[in-house]
Amino acid sequence: MAHEGGPPFLVSLFMFLFMLPSVCDCHPHPAGSMRSMANHTARKVSDIAAEVAGYTDVAKKIIDLAVFGAAQNRSYRRLADFTDTIGNRVSGSQNLEMAIKYMYNAMTQDGLDVHLEPVKIPHWVRGKESAEMIAPRSKSLAILGLGSSVGTPPEGVEAEVLVVQSFDELKRRASEAIGKIVVFNQPFVSYGVTVAYRAYGASEAAKVGAVATLIRSITPFSINSPHTGLQDYQDGVKRIPSACITVEDAELMWRMAQRGQRIVIRLTMGAKTLPDADSFNTVAEIPGWEHPEQVVLLSGHLDSWDVGQGAMDDGGGAMISWEALSLIKDLGLRPRRTLRTVLWTAEEQGGVGAQQYFDLHKVNMSNFDLVMESDLGTFTPVALQFTGSVAAQKVMAEVVKLLAPINTTKLEANGEGTDISPWLKAGVPGASLHVADSRYFWFHHTEGDTMTVQDPQEMNLCSALWAVVAYVVADLQDMLPRVI
């Protein structure tokens with residue numbers, strides 16, 4: 001596929017497309033939406049179950065096409081071509097803008113209605129970086145600077161090390177931290193719990209006088225691979241350089257410290273933050289035949305970190321969100337409501353593109369039926385996670401029964417995702433994909449996030465689930481009921 005032009009193409013393309021009526025939800029219909037919700041609530045559960053069961057044959061056609069038919073392995077091939085062509089796609093980079101242009105062209109050629117919506121995103125650049133243990137022996141340390149970290153002076157920072165295992169230990173030993181590089185060797189509990197060290201380690205260390213931080217990578221398994229990610233400086237606290245090191249090196253220095261050995265490290269980081277960059281959320285649609293203003297939104301994020309290929313995080317989620325629309329289009333299906341795939345930009349910087357999308361479209365919140373996000377891998381699907389009212393849960397429990405041919409009929413609580421979280425907080429029903437993700441954090445934010453992690457059959461199953469759920473919800477007589 002040819003990809004002529006550069007960023008000016010994107011700007012001019014957007015200026016043309018943004019003037020079209022289909023670009024935004026310009027005509028909210030809150031009254032009709034509320035009537036729909038009220039009607040839905042009044043209907044008997046048995047009636048809704050019967051309505052959903054009527055989609056059994058359609059669901060089977062979607063599954064057969066995705067898993068056994070002409071579309072078999074298509075999402076995997078699309079992902080391979082995309083990641084092999086573009087590579088990693090960090091926020092603000094030329095690679096990310098190439099990725100957006102690539103996806104715009106590819107989804108347009110697929111026969112979908114595609115447009116771009118402009119956003120401003122952070123632009124952090126890693127630069128050259130290295131870490132060397134000077135004492136008690138010479139050893140090169142594998143590191144990855146953390147997103148938004150400041151750099152060191154050009155000559156680097158050379159200092160003695162203080163190794164701690166928790167924030168509490170750091171506070172107890174605060175007097176020992178002055179002028180030192182703090183190494184966090186925190187045990188991995190879970191990503192949600194342990195990521196606090198990556199996010200806040202630099203500021204906590206700076207509060208007690210440290211000159212830099214090296215943080216044990218947030219992973220349960222390592223083969224001497226550092227993991228990057230975002231870190232968050234606290235207002236009013238000195239900003240010091242922060243990078244992740246491998247589990248192995250963190251444990252090595254912990255053992256050395258326990259023996260009373262003096263550890264010295266020389267750290268050099270060329271990281272810097274540039275002015276915010278222009279970018280886009282990429283949007284593709286199948287307009288609804290009856291209620292085009294009402295939307296079922298599928299999504300994944302297009303950006304990645306600047307290591308690996310971003311195949312798992314989140315190329316897979318982006319591709320199945322495209323593939324779901326392709327499957328529905330290929331079968332000649334068109335739901336009552338609009339199916340909209342959004343490929344977010346700058347998720348890794350904290351959902352920046354998604355927040356701006358929410359700010360733009362929240363005026364039409366009553367027309368968003370369901371928001372879906374896949375951002376925890378596209379391994380074998382286990383269940384659909386869902387957040388919504390009790391009445392909506394009952395509807396969704398019927399919908400997932402249609403997934404019996406792929407043995408994924410479980411509905412779990414707590415649909416989640418950085419990019420859909422603003423909608424969930426506002427009361428819009430939301431769903432996420434639960435997969436067999438035991439290996440996800442092995443590769444997360446590392447050089448190991450490549451196509452080798454992906455499996456075509458697993459992606460077929462994820463695509464089938466995603467397409468069935470999205471189509472059926474978009475085609476039901478009523479919108480999902482929400483708490484009013």
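Author: Over residues 281-468 the chain is 34% helix and 25% strand, with the end C-alpha atoms 24 Å apart. Helices (H or I, at least four residues) and strands (E, at least two) are DSSP runs, numbered from the N terminus. The model is predicted: local features need pLDDT of at least 70 and side-chain atom pairs count only at pLDDT 80 or more, while totals for chains, interfaces and linings use all residues. Residues are numbered from 1 along each chain as its sequence is written, and side-chain values use heavy atoms, leaving out hydrogens and water.

Reader: What is residues 281-468 called in UniProt?

Author: An unreviewed UniProt entry lists this range as "domain: Peptidase M28". UniProt positions are given in the numbering used here, feature names are shortened, and annotations may be inferred rather than shown by experiment.

Reader: Why is Glu-285 called buried?

Author: Buried means under 20% relative accessible area, exposed over 50%, and partly exposed in between (1.4 Å probe, protein chains only). Glu-285 has a relative accessible area of 7%, so Glu-285 is buried. This residue lies in strand E10 (residues 272-286).

Reader: What makes the pair Glu-285 and Arg-340 a polar contact?

Author: The term requires a pair of N or O atoms within 3.5 Å; within protein, one must be able to donate a hydrogen and the other to accept it, and residues adjacent in sequence count only if both atoms are side-chain atoms. The side chains of Glu-285 and Arg-340 are joined at 2.5 Å.

Reader: Why is the pair Lys-60 and Asp-64 called a salt bridge?

Author: A salt bridge is a side-chain nitrogen of Lys or Arg within 4 Å of a carboxyl oxygen of Asp or Glu. For Lys-60 and Asp-64 the N to O distance is 2.9 Å. Both lie in helix H4 (residues 56-67), 4 residues apart, about one turn of the helix. Lys-60, at 45% relative accessible area, is partly exposed, and Asp-64, at 27%, is also partly exposed. By this rule the count comes to 23 salt bridges.

Reader: Which parts does the salt bridge between Asp-110 and Arg-78 tie together?

Author: The side chains of Asp-110 and Arg-78 meet at 3.5 Å, N to O. Asp-110 lies in the loop between helix H6 (94-109) and strand E1 (113-125), and Arg-78 in helix H5 (residues 74-86), so the pair ties together parts that are 32 residues apart in sequence. Asp-110 is buried at 13%, and Arg-78 is buried at 12%.

Reader: How do you know that helix H11 falls short of a straight helix?

Author: The expected span of a helix is 1.5 Å times one less than its number of residues. H11 (residues 311-330) has 20 residues, and its end C-alpha atoms are only 25 Å apart, short of the 28 Å that a straight helix would reach. H11 is mostly covered, with 18 of its 20 residues buried.

Reader: What makes a set of residues a nonpolar core?

Author: The members must be buried Ala, Val, Leu, Ile, Met, Phe, Trp, Tyr and Cys residues joined through side-chain atoms within 4.5 Å. The largest such core has 85 residues, and Met-103 is one of those that touch the most other members. Helix H16 (residues 456-475) gives the most to this core, with 14 residues. Apart from it lies another core, of 23 residues, among them Ala-131 and Trp-254.
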